[in-house]
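The following paragraphs guide a new reader through one protein chain. Please keep the sequence and the structure in view while reading.

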Amino acid sequence: MTKSVLLGTLAATALMAGAAHAQATLEAVKARGELICGSNTGLTGFGNPDANGNWVGFDVDLCRAVAAAVLGDPTKVKFVPTTGETRFTALQSGEVDLLVRNSTWTASRDSELALDFVAVNYYDGQGFMVKKDLGVSSAKELDGATVCIQTGTTTELNLADFFKQNNISYQPVTVADDSEAQRQFLAGACDTYTTDASGLAASRATMPNPGDYIILPEIISKEPLGPVVRHGDNNWGDIVRWTFFALLIAEEKGVTKANIEEVATSTSDEEVKRLLGVSGDMGAKFGLPNDAFKKAIAANGNYGEIFAANIGEGTSINLARGLNALWTQGGLQYAAPFR
């Protein structure tokens with residue numbers, strides 16, 4: 001089946017499923033008493049179960065913030081692991097309420113799959129990882145290499161473009177998810193593993209000898225990653241978008257998990273008052289309690305706190321803020337005004 005036919009089939013399925021779920025997600029989540037988030041099968045730093053089986057990570061914390069806003073409790077989340085091939089069907093069919101799983105915002109996904117990307121919670125780009133002893137210092141030296149690549153991803157398409165543009169060849173070794181990719185790469189089934197650079201850093205952090213592997217300097221694509229909802233349920237999309245924006249505004253305004261109660265009683269900043277439900281009725285405009293976004297921030301802190309705790313410098317993933325710094329600090333993370 002060609003890609004266009006596959007997308008058309010998925011879109012038709014999505015339209016039927018979307019109609020069934022349109023305008024219903026908030027009510028369904030409230031009635032269920034639990035948010036169902038589509039997650040990665042397990043990507044350290046972004047979304048994976050810890051030693052006790054509790055899901056943790058950068059994307060996981062966004063799901064917990066939405067649960068806190070909607071249900072008043074960040075623990076009321078069920079995580080459903082999805083692969084690159086199953087994630088969108090899980091959302092379209094209503095199996096999950098929200099997909100937060102390293103998914104790239106593209107035109108075809110936005111239009112043909114009847115999905116909405118509501119924000120970008122991580123600006124990324126595709127890279128390559130190799131063993132140091134391969135003796136390669138540039139992706140352009142990978143002519144004839146075997147490449148581990150996840151099917152059903154934008155990275156699969158970018159890979160083909162990159163090798164074609166540089167007039168070099170490769171042999172794909174297809175894998176279902178990051179865990180299989182890591183196993184195949186470590187076993188020597190492929191010379192290089194390619195995915196989002198953040199994913200490479202996350203995978204390398206869990207390898208027995210991380211120093212034996214290098215991430216090559218080339219970043220060959222733009223990969224804006226973010227939460228996804230179904231078309232046709234605009235209020236639900238607004239809730240997810242503004243929960244994320246609330247985390248950004250909180251960082252910009254210096255509101256943290258530790259000081260949020262003190263700020264709520266002492267601030268003279270009118271936007272912060274609206275954000276925390278001290279004044280106005282902004283929460284109610286979304287069909288939520290007026291302190292919904294305060295609870296979202298209190299769950300795991302602001303955007304900067306969530307970044308630092310899960311994937312930032314000092315963690316095993318050790319990612320710099322880079323493009324994901326706030327706009328006030330030279331980055332791209334920018335929230336619309338809360339008014």
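A nonpolar core is a set of buried Ala, Val, Leu, Ile, Met, Phe, Trp, Tyr and Cys residues joined through side-chain atoms within 4.5 Å. The model considered here is predicted, and its largest nonpolar core holds 61 residues. Within this core, Leu98 and Trp236 touch the most other members. Helix H9, which spans residues 234–253, gives the most to the core, with 11 residues. In soluble globular proteins, nonpolar side chains tend to be buried together.

The surroundings of leucine 98 may be traced residue by residue. Leaving aside residues up to four places away in sequence, leucine 98 touches Ile36, Cys37, Gly38, Cys63, Val66 and Leu91, and also Pro227, Val228, Val229, Trp236 and Val240.

Attention now turns to strand E8, formed by residues 126–131. Five of the six residues in E8 are buried, so the strand is mostly covered, where buried means under 20% relative accessible area. E8 pairs with strand E11 (residues 192–196) in the antiparallel sense, over five bridges; there, threonine 192 is the bridge partner of valine 130. E8 is also joined to strand E12 (residues 213–215) by three bridges, and these two strands run antiparallel. In E12, tyrosine 213 stands opposite lysine 131.

An unreviewed UniProt entry annotates residues 34–263 as "domain: Solute-binding protein family 3/N-terminal". Over residues 34–263 the chain is 34% helix and 23% strand, and the end C-alpha atoms are 29 Å apart.

Definitions and conventions:
Residues numbered from 1 in each chain as written. Predicted model: local features only at pLDDT ≥ 70, side-chain atom pairs only at ≥ 80, totals over all residues. Heavy atoms only, no water. UniProt positions renumbered as here; feature names shortened; annotations may be inferred. Helix = DSSP H or I, 4+ residues; strand = E, 2+ residues; numbered from the N terminus. Buried < 20%, exposed > 50% of the residue type's maximum accessible area, 1.4 Å probe, protein only. Pairing = 2+ DSSP bridges. Contact = heavy atoms within 4.5 Å.
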